[in-house]
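Here are my notes on this model, written for someone opening it for the first time. Keep the structure in view and go point by point.

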Amino acid sequence: MQQPRPDPRAWTRFDTPEALEALGARIAGELRAGEALCLYGALGAGKTTLARGLVRALLGAPDAEVPSPTFTLVQTYEAEGLTLSHFDLYRLKRPEEAFELGLDEALDVGAAVIEWSERLEGALPPNRLDLRLTAEPPPGAEHAGDGHAGDGRWGQARGMGHWTAERTEAVMAGAITE
């Protein structure tokens, strides 16, 4: 199973849901056809909040209703210059089910946001930004004595393929809330 490896030096803290939405908006400005944003994290880690910020930014509609695709499994949005498919793989039993839902086709014509990417078990898109989110401070990332340990969310990104280290770092640097 391909998953981003933790690196305590690369974690960023997001104090509020709005900070996660702002990261999503920043990623929206960089996401291209054929690329995916692969989100990892437990229930409540902020995956859907971040995806909502990304979709709203792409649509240019900050108040747009952006439902979680938990039950529909995929939502598609037509933005100027980019079709975006938002997948939620939580209920999938086999990686092949994501492709039955049209993941390959979505990447052929546009970009994808994939929640619960670990369900793809090694069948991840080659050009992607992997983003792990957690509500718990990762080891080595705590801020002792500053009152923030356990507050907000933490994120760690790693680019693959077209998502170079420089591109990934630039997106994350613009999202720092500390």
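## Notes on the fold

1. Let's begin with the whole chain. Of its 178 residues, 47% are buried. Bear in mind that this is a predicted model.

2. Next, the parts list. There are 5 helices and 7 strands, and going along the sequence they come in the pattern β-α-β-α-β-β-α-α-β-β-β-α. If you look at contacts in the chain with a separation of 6 or more, 71% of them join residues 24 or more positions apart.

3. In what order do the strands sit in the sheet? It's an open sheet of 7 strands, ordered β1-β7-β6-β2-β5-β4-β3, and the pairing is mixed. β1 and β3 are the edge strands, each with pairing on one side only. From one strand to the next, the twist averages 20 degrees.

4. With β7 (residues 153-160) the pairing is antiparallel, over 7 bridges, and L129 stands opposite G159.

5. Still in β6, have a look at D130. Is D130 buried or exposed? Its relative accessible area is 0%, under the 20% cut-off, so D130 counts as buried. The C-alpha atoms of D130 and A36 are separated by 8.4 Å, although the two residues are 94 residues apart along the chain.

6. Over at the β3 end of the order, β3 and β4 run antiparallel and are joined by 6 bridges. To find your way there, look for V74, which stands opposite F87 in β4.

7. α1 lies across β1, β2, β6 and β7, and it runs at about 175 degrees to β6. α2 lies across β2, β3, β4, β5 and β6, running at about 160 degrees to β2.

8. The largest nonpolar core here has 30 residues, and L23, I27, L37, L50, L54, L84 and L131 have the most contacts inside it. Which elements give it two or more residues? They are α1 (17-28), β2, α2 (47-59), β3 (74-79), β4 (82-88), β5 (111-115), β6 and α5 (165-173). There is also a second, separate core of 16 residues, and Y40, A106, L107 and A112 are among them.

9. I27 and L84 are handy residues for exploring that largest core. Setting aside residues up to four places away in sequence, I27 touches L37, L50, L54, L129, L131, W163 and V171. L84 belongs to β4 and is buried, because its relative accessible area is 1%, under the 20% cut-off. With neighbours within four places left out, its contacts include L31, L54, V55, L58, Y77 and V113. L84 and V113 are 29 residues apart along the chain, with 7.4 Å separating their C-alpha atoms.

10. Last, α5. Which of its residues are buried? They are R167, T168, V171 and M172. These residues lie on the same side of α5 because they cover an arc of only 130 degrees around the axis. In general, an α-helix has 3.6 residues a turn, so residues three or four places apart point the same way. The buried residues of α5 pack against β1 (12-14), α1, β6 and β7, while the face turned away from them carries E166 and E169, which are exposed.

Key: Residues are numbered from 1 along each chain as its sequence is written. This is a predicted model: local features need pLDDT of at least 70, side-chain atom pairs count only at pLDDT 80 or more; totals for chains, interfaces and linings use all residues. Side-chain values use heavy atoms; hydrogens and water are left out. Two strands pair if DSSP finds at least two bridges between them. Helices (H or I, at least four residues) and strands (E, at least two) are DSSP runs, numbered from the N terminus. A nonpolar core is a set of buried Ala, Val, Leu, Ile, Met, Phe, Trp, Tyr and Cys residues joined through side-chain atoms within 4.5 Å. Buried means under 20% relative accessible area, exposed over 50%, partly exposed in between (1.4 Å probe, protein chains only). Contact means heavy atoms within 4.5 Å. The arc is that of the directions from the helix axis to the C-beta atoms. Axes are lines fitted to C-alpha atoms, for helices over the stretch in contact, and angles run from 0 to 180 degrees between N-to-C directions.
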